[in-house]
Amino acid sequence: ISKSEAPVLVGSGIRRPDGTFVGSVSALNVRRTGDPAADERANAQIIISAVQERIREHPEQWSMFVSVWGS
């Protein structure tokens, strides 16, 4: 999380049955208390929860482009 007051955005694009896409972007309310270590842990959870919610809505359209668990 940057030290600026810029919002953290989470976006996604969902393919519709007709082949078109619909996109959405949400601004997250992140924690900025001045305790960098605590803020980093709390904000990581906020971001992960937002991504999980989008995956849960359309799990068939989720994929990773990098290895998460090693090779």
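Reader: Before we start, what should I know about the model?

Author: Residues are numbered from 1 along each chain as its sequence is written, and side-chain values use heavy atoms, with hydrogens and water left out. The model is predicted, with local features needing pLDDT of at least 70 and side-chain atom pairs pLDDT 80 or more, while totals for chains, interfaces and linings use all residues.

Reader: Happy with that. How many helices and strands does the chain have?

Author: Helices (H or I, at least four residues) and strands (E, at least two) are DSSP runs, numbered from the N terminus. Here there are 1 helix and 2 strands, in the order β-β-α along the sequence.

Reader: And how does the radius of gyration of the chain read against a compact globule?

Author: That radius is taken over C-alpha atoms, and the globule rule is 2.2 Å times the number of residues to the power 0.38. For 71 residues a compact globule would come near 11 Å, but this chain has 15 Å. Its C-alpha trace spans about 45 × 30 × 15 Å along the principal axes.

Reader: Now to single residues. Is Asp-39 buried or exposed?

Author: Buried means under 20% relative accessible area, exposed over 50%, and partly exposed in between (1.4 Å probe, protein chains only). Asp-39 counts as buried because its relative accessibility is 8%. You will find Asp-39 in helix 1. Across the chain, 14% of the 71 residues count as buried.

Reader: Which side chains make polar contacts with the side chain of Asp-39?

Author: A polar contact is a pair of N or O atoms within 3.5 Å; within protein, one must be able to donate a hydrogen and the other to accept it, and residues adjacent in sequence count only if both atoms are side-chain atoms. The Asp-39 side chain has such a contact with the side chain of Arg-31 at 3.0 Å and another with that of Thr-33 at 2.7 Å.

Reader: For contrast, is Phe-65 buried or exposed?

Author: Phe-65 is exposed, because its relative accessible area is 78%. Look for Phe-65 in the segment after helix 1 (36-57).
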